[in-house]
Amino acid sequence: MPRTDTYNRILEASAKLFALKGFEGTTTREIAKEAHSSLSSIQNIFENKEKLFLAVMEHTVNVFYDTYNELLNEIDEIEKHGYLDRDAAWDMVVQLVNSLRCTGCTTVLRNCFRSIRQGLNSSRSVHWPFRP
């Protein structure tokens, strides 16, 4: 689906609200209001709140990997050569977290991890590949 202004506004508004209130605490009416859009736009573009949530997660993961691909490749290379011990891994995690604080991604990523941990609900599973 082409990324329109409406699509981007809905995605941005839902990411903000999901980060602040979680999946269950956010309604599509709140998202529509925050995005200066309509419920029918959300339904036409994303079909439902679950698919919108997954679009937010996919977008966040893609931004994350686009931004930190070099560091992730470095981790892969170190691991491939057998040098990824506990200290090296911890140093890279610290480097990653520090860079996240600088880019302002922490709220969305924190919500991603919280939502994954809680799950959408106990009857559904979320497939979360390490790399997109």
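Start by selecting Glu34 and Lys16, which form a salt bridge with their closest N and O atoms 2.9 Å apart. Glu34 sits in helix α2 (residues 28-34) and Lys16 in helix α1, so the pair ties together parts that are 18 residues apart in sequence. A salt bridge here is a side-chain nitrogen of Lys or Arg within 4 Å of a carboxyl oxygen of Asp or Glu. Helices (H or I, at least four residues) are DSSP runs, numbered from the N terminus.

The model is a predicted one, in which local features need pLDDT of at least 70 and side-chain atom pairs count only at pLDDT 80 or more, while totals for chains, interfaces and linings use all residues. Residues are numbered from 1 along each chain as its sequence is written, and side-chain values use heavy atoms, with hydrogens and water left out.

Colour the pair by accessibility. Glu34 is partly exposed at 34% relative accessible area, and Lys16 is partly exposed at 42%. The classes are buried (under 20% relative accessible area), exposed (over 50%) and partly exposed (in between), with a 1.4 Å probe and protein chains only.

Next, select Lys21 and Glu30, whose side chains meet in a salt bridge at 2.4 Å, N to O. Lys21 is partly exposed at 41%, and Glu30 is partly exposed at 27%.

Then go to Asp5 and Arg9, a salt bridge with the closest N and O atoms 2.6 Å apart. Both belong to helix α1 (residues 5-21), and because they are four residues apart, about one helical turn separates them. Asp5 is exposed at 53%, whereas Arg9 is partly exposed at 27%.

The whole structure holds four salt bridges, including the Asp5 and Arg9 pair.

Conventions
Helix = DSSP H or I, 4+ residues; strand = E, 2+ residues; numbered from the N terminus.
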